[in-house]
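Open the model in a viewer and keep the selection panel at hand. The stops below say what to select and what is there.

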Amino acid sequence: MSEHERSTSTVESGMSVPANDIRGVLRIKPFRTLWIALGLSSLGDWLGLLALTAMAGQLAAGNYRTENFAIAGVLLLRLLPAVVVGPLGGYIADRLDRRWTLVVGDVIRFVLFASIPIVGTLWWLYVATVLIEAVSLIWLPSKDAAVPNLVPRDRLAVANQVSMVTTYGSALPAALLFTFLALINSSLIRTFHWFNGGSVDLALYFNALTFLVGALVVARLHEVSGRPASGEITEEQTNVLKAVIEGWRFVAQNRLIRGLVIGVVGAFAAGGVVIGLGRTYVTDLGGGAAGYGVVFGALFTGLAAGMAVGPRFLVGLSRRRMFGLTLTAAGLSLIAVALFQNLVLVAFCTVLLGAFAGITWITGYTLLGLEVEDSIRGRTFAFVQSLTKIALAAVLAAAPAIAGSIGAHGVELPGKVTLTYNGAAITFLLGGIAATAFGLVSFRQMDDRPGVSVLRDVRAVFSGHDRGFYADTGLFIAFEGGEGAGKSTQARRLARWLEDQGHTVTVTHEPGATDIGRDLRHLLLHGASGISPRTEALLYAADKAEHVDSMIKPVLAEGAVVITDRYVDSALAYQGGGRDLSQSELVRLSRWATGGLRPHLTVLLDLPPEAGLARVDGTPDRLEREPLEFHSRVRQQFLDLAALDPERYAVLDATQPVDELAAQIRNAVRPLLGGVGGGVGSEVGGPGAGGVDRPYDRRDGDSGDGDGGGDQREDPSRPGQPVQPQRPSEEAQA
Ligand SMILES: Nc1ncnc2c1ncn2[C@@H]1O[C@H](COP(=O)(O)OP(=O)(O)OP(=O)(O)O)[C@@H](O)[C@H]1O
Ligand SMILES: Cc1cn([C@H]2C[C@H](O)[C@@H](COP(=O)(O)O)O2)c(=O)[nH]c1=O
C-alpha cells in the first residue's frame with residue numbers, strides 16, 4: 001500500500017481529508033486508541049502533580065518552611081530522573097515490546113499511585129514519585145516511537161501536534177477535576193466517619209484509575225506490538241548532556257538564538273514559579289485545595305488561549321518583537337500576581353500570565369522552526385528542550401526552597417493596615433522581575449526593527465493596519481499550491497462557475513501577468529541559473545507590485561472578482577520554505593510590494609510534490625528542477641501558513657478528481673459572494689455578466705464542463721496556459 005493510500009484508506013468514513021486536518025489523523029483507529037491512552041496518562045500526570053504537591057504540603061503541615069521544602073522535594077523528584085537518566089529510558093524502551101511496555105507501565109503507575117494514600121507517609125510519597133517518573137521515562141519514548149508506525153508520514157506533523165495539545169491541554173481538565181474531587185473529598189470526610197483520609201486521597205485514587213483504564217485501552221492495540229528497528233531512536237532519547245553542550249556552542253555564536261533561548265528559559269521559569277509555589281501561595285491567601293485547582297487551571301487556560309490566538313497577532317507584528325514583548329508582559333503579570341493579595345485577582349492575573357507565556361512559547365517555537373537553518377534545526381530544538389527541562393527542574397526546586405527560607409513578613413500601611421507578604425509572594429515578585437528582565441534582554445537581542453517605535457508597531461497591530469487589508473469592494477481569491485497541483489485548472493473552473501452566476505471575473509497569475517511581469521517571469525524561470533535567493537525574492541516582489549497596482553486593485557475597485565493563480569504565499573513558501581530566506585523579512589517585503597492587500601480566500605491545493613511534478617509536462621523550468629526536498633519544504637510551508645489563519649483558507653486534497661475539487665472550491669467560495677457584484681458585476685445577469693470584460697467567456701471555446709474555462713489562445717509567457725487579460729480596462733475597451 002502506498003503512503004498516500006495508507007493516509008486515506010485508514011480514514012474510516014472513506015472521505016479523504018487533507019494531510020493537515022486533525023480529523024484525518026484522529027480517524028486512524030490505532031492512533032486514536034493510542035491518543036486516548038495518552039490523554040488518560042496525561043490527565044493522570046497533571047492530576048498526580050497537583051495531588052502529590054498538595055499531599056506533601058499536608059504531610060509536612062505545621063511549619064511554613066518544612067511545608068515548602070516538602071513540596072519542593074516532590075517537584076524536584078519528578079523532574080530529576082528525566083534530566084539525569086533520560087537517555088536510559090529510551091534505551092530500555094528500544095529493547096522491549098512496545099504494547100507490553102505501555103500496558104505494564106500503566107499498571108505499575110496504577111499500583112504506585114493507589115499505594116500513596118494507603119501508606120500515607122512522606123517518605124513513601126517520595127519513593128513512589130521517583131518510581132512513577134522512572135516508569136514514565138520508559139512509557140513515553142515507547143509511545144513516541146509507536147506513533148510514526150501508526151500514521152502516514154504526511155500526517156505525522158499533525159499527529160505530533162495532537163499529542164502535544166493533549167499532553168499540555170489535559171492540565172486544565174485535570175485542574176477542574178482536582179478542584180471537584182477536593183470538594184467531594186471534604187464533604188465525604190464531613191459526612192462519613194469511616195472516610196478519614198486526607199483531602200486529596202480521592203484525587204489520588206481517581207488518578208490511579210486513569211492509568212488502569214489506559215492499560216486496558218492499550219492492551220487491545222495490537223498494532224503497536226513488536227520491537228523497534230535498531231537505530232530508531234527518538235529525539236527524547238538523545239543524550240541530554242551532549243545536546244546541551246552542542247547547543248551552547250551554537251547559541252553562543254548566534255544573536256537571534258541567544259535571545260530566543262534566554263526568552264524560552266525565562267518563560268518556563270515564570271510558569272515554574274507559579275506551579276512550584278501555587279499551592280503555598282493559595283494557602284497563604286486562605287484558599288484550600290480547591291483554590292489551588294482554580295489557580296492551576298487559570299494558568300493553563302491562559303496558556304491554551306495564548307497558544308491559540310497568538311499566531312493571529314503574529315500576522316501583523318514582527319515575530320521577534322512579539323516574542324520579547326509577550327515575555328516582558330508575562331513577567332509583569334507575575335509581579336501583579338505577587339502584589340495582589342486576593343484570590344480572584346490572582347486567578348485573573350494568572351490567566352494573563354499563562355496567555356502571555358503561551359504566546360511566547362509558541363512564537364519561540366515558530367521562530368526556531370522558521371529562522372534556524374535546516375541543518376542545525378534538530379540540534380537547536382533538542383538543546384532548547386533539554387534546557388527548558390533543566391530550568392523547570394531548577395525553578396520548581398528552588399522556588400519553594402527560597403520561599404521557605406524567606407518565611408512570613410508583614411508590611412505596615414498607614415491606618416493600621418498590615419499587608420502580609422509571605423515567602424511565596426516575595427518569590428513570585430522576584431520571579432516576575434527576573435522574567436521581565438529576561439523579556440527585555442531577549443527583545444534587545446532579537447529586535448529586527450531597530451529605530452522603529454514599539455508603541456507604533458503595537459498600535460498598528462490593534463488598528464489592524466500592519467496586518468494587511470482586505471479590499472472593500474470586489475472579491476479576491478488566490479489559488480496556491482506546489483507544482484502541478486491543479487491551480488490553473490481550478491481557477492478557470494471557478495471563474496466559469498462565477499460567471500454563470502453573473503459575476504465579472506478576471507483570472508490572472510503570478511509571475512508574468514503584466515508586461516514587466518512577463519519579462520521577469522522569463523528571467524526567473526528560464527533565465528540564467530545562478531540567481532541568488534535574495535535577487536529571486538526581489539524579482540518576484542517586483543512582479544507582485546506591478547501585478548497588484550496595475551491589475552488586481554483596479555478590478556477589485558470595480559467590484560469584480562479577481563482569481564489569481566499564485567500570490568504572496570508562493571513567495572513565503574518558495575523563497576521562505578524552499579530557499580530558507582527569513583520569513584519575517586519576506587512577509588515585510590511582500591507586504592510592501594502588494595501594499596498589504598490580502599486575498600479574501602486562499603484555496604490551497606495540497607499534493608505530495610512527487611505527484612505534482614509528475615503531472616508537469618514539457619521541459620521543467622528553473623524551479624521545477626529543484627530537488628524533491630525543496631518542494632517538500634515548500635509544501636510544508638504552504639500548510640503552515642494555512643494553519644495560521646484557518647478562516648481565510650480552504651485546504652483541499654489535490655489528489656482528488658478535478659470535478660470533486662471544483663465542487664469543494666465552490667462550497668468554500670459560495671459564502672463570500674453576498675457582497676460581490678456591485679459595480680461591473682451584479683449578483684445575477686448584471687451589466688458585467690456577458691460583457692467583453694469577461695476573460696473566460698464560454699463563447700471563446702470552452703467545452704462546457706471541462707477544465708478549460710474560456711479563452712483558449714495560449715499565453716506566450718506560460719506555454720500550455722490560456723491567455724489572460726493584461727488589464728481589465730484594456731480588455732473592456734477591446
Ligand atoms: N485533480 C487533478 N487530477 C489529475 N490531474 C490534474 C488535476 N488537476 C489538474 N490536473 C492536470 O495536471 C496538470 C497540471 O495542472 P495545472 O496546470 O492546473 O496545475 P498548476 O497547479 O497550475 O501547475 P503549475 O504550478 O505548474 O502552473 C494538467 O495536465 C492538468 O490537466
Ligand atoms: C508567485 C511566485 C511564484 N514562484 C514560483 C512557483 C513556480 O515554480 C513558478 C511559477 O510557475 P507557474 O507554472 O506559473 O506556477 O514560480 C515563486 O517562487 N515565488 C513567487 O512569489
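## Start: a helix pair

Select α20 (533-557) and helix α22 (residues 583-594), which pack with their axes 8 Å apart at an angle of about 30°. Helices are DSSP runs of H or I with at least four residues, strands are runs of E with at least two, and both are numbered from the N terminus. Axes are lines fitted to C-alpha atoms, for helices over the stretch in contact, and angles run from 0 to 180 degrees between N-to-C directions. α20 and α22 are therefore roughly parallel to each other; angles under 35 degrees count as roughly parallel, over 145 as roughly antiparallel, 65 to 115 as roughly perpendicular and the rest as oblique. The crossing of this pair, α20 and α22, is right-handed. A crossing is right-handed if the near helix is turned clockwise from the far one by less than a right angle, and left-handed if anticlockwise.

This is a predicted model, in which local features need pLDDT of at least 70 and side-chain atom pairs count only at pLDDT 80 or more, while totals for chains, interfaces and linings use all residues. Residues are numbered from 1 along each chain as its sequence is written, chains are lettered from A and ligands numbered from 1 in the order in which they are written, and side-chain values use heavy atoms, with hydrogens and water left out.

## Next: ligand 2

Select ligand 2 and the 14 residues that surround it, a residue being near if one of its heavy atoms lies within 4 Å. The closest are Glu 483, Tyr 540, Lys 544, Arg 566 and Gln 575. Show polar contacts, meaning pairs of N or O atoms within 3.5 Å. Oxygen atoms of ligand 2 lie 2.6 Å from a side-chain N or O atom of Glu 483, 2.7 Å from a polar side-chain atom of Arg 566 and 3.0 Å from one of Arg 521. On its own ligand 2 has 480 Å² of accessible area, and the protein covers 93% of this; the areas come from the Shrake-Rupley method with a 1.4 Å probe.

Colour the shell by element: α19 (515-526), α20 and α21 (568-578) each supply at least two residues, and α21 gives the largest share, 4 residues.

## Two backbone details

Centre on Arg 566 again, in the loop between β6 (561-565) and α21. Phi of Arg 566 is near 85°, a positive value in a residue other than glycine. Then go to Pro 511, in the loop between β5 (505-509) and α19. A cis peptide bond joins Glu 510 to Pro 511, with omega about -10°. Most residues other than glycine have a negative phi, and most peptide bonds are trans.

Select ligand 1 and the 18 residues around it, of which Gly 486, Lys 487, Ser 488, Thr 489 and Gln 656 come nearest. An oxygen atom of ligand 1 is 2.7 Å from a side-chain N or O atom of Lys 487. Backbone N or O atoms also take part: one of Gly 486 lies 2.9 Å from an oxygen atom of ligand 1, and one of Gln 656 lies 2.9 Å from a nitrogen atom of ligand 1. Taken alone, ligand 1 exposes 630 Å², of which the protein buries 73%. α18 (487-500) and α25 (658-669) are the elements that give two or more residues to this shell, and the largest share, 3 residues, comes from α18.

Key:
Polar contact = N/O pair within 3.5 Å; in protein donor to acceptor, adjacent residues only side chain to side chain.
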